[in-house]
Amino acid sequence: MNQYFATVARGLETLAAQELENLGAHSVEPGFCGVAFRGDRTLLYRVNLWARLPFRILMKLDEFRCQDAQELYRHIQTIDWSNYLTPDLTLAVKATGKSDRLNHTHFTALQVKNAIVDQQMQEFGDRSNVDTEAADLRISVHIDRDICTLSLDSSGNSLHRRGYRPAVGAAPLKESLAAALIQMSGWQPDLMFYDPLCGSGTLPLEACLKALNVAPGLFRESFGFETWRDFDPSVLEKLIQEAEDSQLDQLPAPIWGSDGDPKMIEQAIANATNCGVLDQVYFSQLDLNEIAAPGDSGVLFCNPPYGERLGRDRDLGEFYKQLGDILKQRFKGWTAFILSGNKELAKSIGLKSSQRTAVFNGTLPCQLMKYELY
């Protein structure tokens, strides 16, 4: 079995570990901003196709002591790169982390690239070109003190970019974070789901894909492993067919989204069309003061703005107070989840939360607050 590492947003490691175990991963161990696990090639393809939380799935090639650039170069040259790369294939090297003597990621990546192409020149008299945008082989190098971990990136573009969402708002929520928030909440598809501040629709769409059992990787044009020398298209084709066969035709309960900005609703509808669920999820233009519970019970989810002002003349404190008043008055019998990156603004909601979960939206520390509305 190969060793893999799924990179995830900070704080989501335990949640991602559960997801990987559910997908059949072995020896699952959460770490910092990622989860180590083991499995075969089929599992690698399945995780890329099905996992909703990770950014990338890295396949570990080697781990070795490395104190300086010369030692790094020498060790990279001990690997037979013809197993992974021929001169007609492009490569890219991304470095993260640092040590006392390897403290510049660009320089570290350059050393690794030079070691690989120098070996190719000796063996073939030709070398791979570098393609930072769409390389055939993406190599990941991580330096932690004097230990170097060398991996191949099996995902290509980040898995959070599902491929259904060319249209996004000004401050879009990553699809992977939206999926994580939904998982944290414990929402089940037999409960109505409503986002009254839906923007370009990410939360309702991720809820819809989960409820319909749609594999998020189905919307992608390709995965990084598809240009690997050992790629087995028959395995991927079988997994894709199984994923398509397992999709549900109808939602168990309605999923709605609304927003005051008509352009946002246009984007949400375009995104719903792209992932084939326009006939399942309902989007409408409604200002905050117009919203009301569309059913007797359900789960309300929203990600209100965190900044100091909303638009030109509306104070955000008033906006949060209005949101709290509407929840209190119009959503009795519901459970609400609000993601906030501003503690002072969160106080303006005026409701007592029954649960608070720390989460990062990018680098911004936030809280997912749960409100039981009676």
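Me: Where do I start? How many helices and strands does the protein chain have?

Reply: Begin with the inventory. The protein chain has 10 helices and 16 strands. Keep in mind that the model is predicted.

Me: How do I read burial, and what share of the residues count as buried?

Reply: A residue is buried when its relative accessible area is under 20%. Of the 374 residues here, 51% count as buried.

Me: Which contacts join residues at least 24 apart, as a percentage?

Reply: Take the contacts between residues at least 6 apart in sequence. Of these, 76% join residues at least 24 apart.

Me: And charges? How far apart are the mean positions of the positive and negative ones?

Reply: There are 37 positive and 48 negative charges, and their mean positions are 7 Å apart.

Me: Now a helix. Is helix H2 largely enclosed or exposed?

Reply: Count its buried residues. Helix H2 covers residues 41–50, and seven of its 10 residues are buried, so it is largely enclosed by the rest of the structure. The buried ones are Leu43, Leu44, Tyr45, Val47, Asn48, Leu49 and Trp50.

Me: What do the buried residues of H2 pack against?

Reply: They pack against both strands and helices. The strands are E1 (2–7), E3 (34–39) and E4 (56–65); the helices are H1 (13–22) and H7 (233–245). Strand E3 also holds phenylalanine 37. That residue counts as buried because its relative accessibility is 2%.

Me: How do I read the side chains of a strand?

Reply: In a regular strand, side chains alternate between the two faces of the sheet.

Me: Which strands pair with E11?

Reply: Look for bridges, then for direction. Strand E8 (residues 193–195) pairs with E11 in the parallel sense over two bridges. There, tyrosine 194 has leucine 300 as its bridge partner. E11 also runs parallel to E14, joined by five bridges. In that pairing, cysteine 302 partners isoleucine 338.

Me: Does E14 pair in the parallel or the antiparallel sense with E16?

Reply: Antiparallel. E14 (residues 334–340) meets E16 (residues 364–372) over six bridges. Serine 340 stands opposite glutamine 367. E16 also pairs with strand E15 (residues 355–361), again in the antiparallel sense, over seven bridges. Valine 359 stands opposite cysteine 366 there.

Me: What should I look for in the hairpin of E15 and E16?

Reply: Check the turn and its phi angles. Two residues lie between the strands, and glycine 362 takes a positive phi near 70 degrees.

Me: Which residues have a positive phi although they are not glycine?

Reply: Serine 27 has a positive phi of about 50 degrees. Serine 27 is found in strand E2 (residues 26–31) and is partly exposed, with a relative accessible area of 48%. Arginine 145 has a positive phi of about 55 degrees. Arginine 145 sits in the loop between strand E6 (137–144) and strand E7 (147–153), and is exposed at 63% relative accessible area.

Me: Is glutamate 175 buried or exposed?

Reply: Read the accessibility, then the neighbours. Glutamate 175 lies in helix H5 (residues 175–185). At 3% relative accessibility, glutamate 175 counts as buried. Its contacts include Arg161, Arg162, Arg165 and Glu206.

Me: What about a loop residue? Where does valine 8 lie?

Reply: Valine 8 lies in the loop between E1 and H1. Valine 8 is buried, with a relative accessible area of 3%. Among the residues that valine 8 touches are Cys33, Leu53, Pro54 and Phe55.

Me: How far is valine 8 from histidine 160 in space?

Reply: Compare sequence separation with distance. The two are 152 residues apart in sequence and 9.7 Å apart in space, C-alpha to C-alpha. Now take phenylalanine 37 and lysine 370. They are 333 residues apart along the chain, with C-alpha atoms separated by 32 Å.

Note on methods. Residues numbered from 1 in each chain as written. Predicted model: local features only at pLDDT ≥ 70, side-chain atom pairs only at ≥ 80, totals over all residues. Heavy atoms only, no water. Helix = DSSP H or I, 4+ residues; strand = E, 2+ residues; numbered from the N terminus. Buried < 20%, exposed > 50% of the residue type's maximum accessible area, 1.4 Å probe, protein only. Contact = heavy atoms within 4.5 Å. Lys, Arg positive; Asp, Glu negative; His and termini not counted. Charge placed at Lys NZ, Arg CZ, Asp CG, Glu CD. Pairing = 2+ DSSP bridges. Lists of a residue's contacts leave out its neighbours within four places in sequence.
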